Amino acid sequence: MSLAPLLGASGTIPLHAFAAIAAFVLGIVQFAAPKGTLPHRTIGWIWVLLMFAVAISSFWIHEIRLVGPFSPIHLLSIFAPVMLVLAVLHARRHNVSAHKKAMASIFFGALVVAGLFTFLPGRVMHAVVFGP
């Protein structure tokens, strides 16, 4: 395992990957920690900002080109910010159930599922974990 492929990657790939890794770790913390507390809200806002960075930076990553410069995974880059706004609105309106469902769907869809695709052969994260 070596970070060299990630640190040597072009464009926004390092920003995208490090924001996604940080969001993944903070997401795990959020699932385990008490809800409704000041730390939960603070970490939640940091998580939302990280997820916006992950989603927006992905539009400059074009390793897989199926529709012009984009791939179907870029649909998550549209899904995530929309769901983030909805999730925050649910929290502000004290609709805890809808907030929880929205945040969990973003975490599992935009981080876990999309993250698994980054470990396919030929991708930067595959080289980081498994070597060139």
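A residue counts as buried under 20% relative accessible area, as exposed over 50%, and as partly exposed in between (1.4 Å probe, protein chains only). The model examined here is predicted, so local features need pLDDT of at least 70 and side-chain atom pairs count only at pLDDT 80 or more, while totals for chains, interfaces and linings use all residues. Residues are numbered from 1 along each chain as its sequence is written, and side-chain values use heavy atoms, with hydrogens and water left out.

With that in hand, the aromatic rings come into view. The structure holds 4 aromatic pairs (ring centres within 6.5 Å, taking the six-membered ring of Trp; planes under 30 degrees apart are stacked, over 60 edge-to-face, the rest tilted). One of them joins Phe31 and Phe107 edge-to-face, at 5.0 Å centre to centre and 90 degrees between the planes. This pair links distant parts of the chain, with Phe31 in helix H2 (residues 13-32) and Phe107 in helix H5 (residues 96-117), 76 residues apart. Phe107 also pairs edge-to-face with Phe108, at 5.1 Å and 85 degrees. Phe107 is buried at 2% relative accessible area, whereas Phe108 is partly exposed at 45%. Phe31 is partly exposed too, at 42%.

Elsewhere, helices H3 (residues 38-57) and H4 (residues 75-92) pack at an angle of about 160 degrees, their axes 9 Å apart. H3 is therefore roughly antiparallel to H4, a label for angles over 145 degrees, with under 35 called roughly parallel, 65 to 115 roughly perpendicular and the rest oblique.

Notes: Axes fitted to C-alpha atoms, helices over the stretch in contact; angles between N-to-C directions. Helix = DSSP H or I, 4+ residues; strand = E, 2+ residues; numbered from the N terminus.
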